[in-house]
Amino acid sequence: PSDASTQAGSCEAQVDASGDGGDGEVRTTMMMRNIPGGFSRRTLLELLGKEGFRDEVDFIYLPADFRTGAITGYAFVNLTSAAAAKRFRRHFHHFGRWGLRTRLVCNVSWARDDQQGLTANVERYRNSSVMHPS
């Protein structure tokens, strides 16, 4: 996406921030969108730590093109508790202090229900073709 299409004024509709899936199910996995192209898994982890989430993140999936190494601009992040996930969403939704020169503004939403929690994410990506170059 272009920088212009991801400025704060054009962010997607707000997502329910309650932290439960409506049936009492606790949610801990977020999808971050609009991550700048200059980022890597290491720089994203450094940013999350700097912003106070170092000990509360137990899973990150930041897809990249195997050929070019360029990231796709989104990540799935699992937090260690529902309370941490709610704080993470409040902190990073509309976030723009990337430490890079960019106008990109982060959009954070809950991951799908079948992609919630550490176990679900590990199982989803462990043997996935996206984790291994062909």
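Let's start with Gln 115, which sits in the loop between β4 (107-110) and α3 (118-126). Those labels are DSSP runs numbered from the N terminus: helices are H or I with at least four residues, and strands are E with at least two. This is a predicted model, where local features need pLDDT of at least 70, side-chain atom pairs count only at pLDDT 80 or more, and totals for chains, interfaces and linings use all residues. Residues are numbered from 1 along each chain as its sequence is written, and side-chain values use heavy atoms, with hydrogens and water left out.

Is Gln 115 buried or exposed? Its relative accessibility is 2%, so Gln 115 counts as buried. (Buried means under 20% relative accessible area, exposed over 50%, and partly exposed in between, using a 1.4 Å probe and protein chains only.) If you skip the neighbours within four places in sequence, Gln 115 is in contact with Thr 29, Phe 76, Ala 120, Asn 121, Arg 124 and Tyr 125. Contact here means heavy atoms within 4.5 Å.

Now for the aromatic rings. Rings of Phe, Tyr and Trp (its six-membered ring) pair if their centres lie within 6.5 Å; planes under 30 degrees apart are stacked, over 60 edge-to-face, and the rest tilted. By this rule there are seven aromatic pairs. One of them joins Phe 92 and Phe 95, a tilted pair at 4.9 Å centre to centre with 55 degrees between the planes. Phe 95 also pairs with Trp 98, this time edge-to-face, at 5.3 Å and 85 degrees.

Phe 92 is buried at 0% relative accessibility, Phe 95 is buried at 2%, and Trp 98 is buried at 4%. Together with Phe 39, Phe 53 and Phe 88, these three residues form one aromatic cluster.
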